[in-house]
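Have the structure open while you read.

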Amino acid sequence: MSNVNNTRSKYSQFFAICTAHGFDYKEKVYEFTKGKTKSLSSLTDVEYAEMMKQLIDLNEPYRRNYVPKPGDKQRKKMIALARLMNYGDMKTIYARLDNWARDQKFKKGWMAHNPAELDLLVAIFEQKVYTHYLTTLN
């Protein structure tokens, strides 16, 4: 299972770009390899890096126009802390953060908070949850 997760994380940027542009990922690999393969895992590290460079260059105008959703920065900070505390995979992290947020002052789901509310949740999460986690390590 660990190897599958490592593979997913290795190719996550590739899949994100393909999804954002509506590309079939196998067709992109086939196009890049000039018809030799449709298998992403059969590319060498050098080939994969070159293909990614091309996709990132293609993706640059999309990235320049990207405007993060309100509260994105705060949610990413909480996700980073949850990862440090080994909360599990992303689905588990989202579920645990959502449950935790529902038990806090505003009594609503994690994604329903506005940036000001998220600022408070981040402060509570850092000061109470993360600090408690660190003290239990010793």
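Q: Which backbone nitrogen does a side-chain oxygen of asparagine 114 reach at the start of α6?
A: The backbone nitrogen of alanine 116, to within 3.0 Å. The cut-off for a polar contact is 3.5 Å between N or O atoms, so the pair passes. Bear in mind that this is a predicted model, and every distance here is computed from it.

Q: What else is in the chain, helices or strands?
A: There are six helices and zero strands. Reading from the N terminus, the order is α-α-α-α-α-α. Buried residues account for 31% of the 138 residues.

Q: How do you know how far α6 reaches, and what span is expected?
A: α6 has 23 residues, and its first and last C-alpha atoms are 31 Å apart. At 1.5 Å a residue, 33 Å is expected, so the span comes out close to that.

Q: Where does α6 bend?
A: At phenylalanine 125, by about 35°. Phe125 is also one of the buried residues of α6, along with Leu118, Leu121, Val122 and Tyr133, among others. The buried residues of this helix pack against α4 and α5.

Q: What makes the largest nonpolar core a core, and which residues have the most contacts inside it?
A: The label asks for buried nonpolar residues joined through side-chain atoms within 4.5 Å. The largest such set has 19 residues, and those with the most contacts inside it are Met78, Met85, Tyr87, Leu97, Trp100, Trp110 and Phe125. Two or more residues each come from α4 (72–84), α5 (90–102) and α6 (115–137). The largest share, eight residues, belongs to α6.

Q: Which residues does methionine 78 contact, leaving aside neighbours within four places in sequence?
A: Methionine 78 is in contact with Leu97, Trp100, Trp110, Leu121, Val122 and Phe125. There is also a second, separate core of twelve residues, which includes Tyr11, Val29, Phe32 and Met52.

Q: Why is the pair aspartate 57 and lysine 53 called a salt bridge?
A: The closest N and O atoms are 3.4 Å apart. The cut-off is 4 Å between a side-chain nitrogen of Lys or Arg and a carboxyl oxygen of Asp or Glu, so the pair qualifies. Both residues lie in helix α3 (residues 45–64), four residues apart, about one turn of the helix.

Q: Is that aspartate buried, exposed or partly exposed, and what about lysine 53?
A: Aspartate 57 has a relative accessible area of 47%, and lysine 53 is at 47% too.

Q: What makes arginine 102 and aspartate 98 a salt bridge?
A: Their side chains meet at 3.0 Å, N to O, and the limit is 4 Å. These two are in helix α5, four residues apart, about one turn of the helix. Arginine 102 is partly exposed, at 43% relative accessibility.

Q: How many salt bridges does the rule give?
A: The count comes to eight.

Terms used. Residues are numbered from 1 along each chain as its sequence is written. This is a predicted model: local features need pLDDT of at least 70, side-chain atom pairs count only at pLDDT 80 or more; totals for chains, interfaces and linings use all residues. Side-chain values use heavy atoms; hydrogens and water are left out. Buried means under 20% relative accessible area, exposed over 50%, partly exposed in between (1.4 Å probe, protein chains only). Contact means heavy atoms within 4.5 Å. The bend at a residue is the angle between axes fitted to the seven residues ending there and the seven starting there. A polar contact is a pair of N or O atoms within 3.5 Å; within protein, one must be able to donate a hydrogen and the other to accept it, and residues adjacent in sequence count only if both atoms are side-chain atoms.
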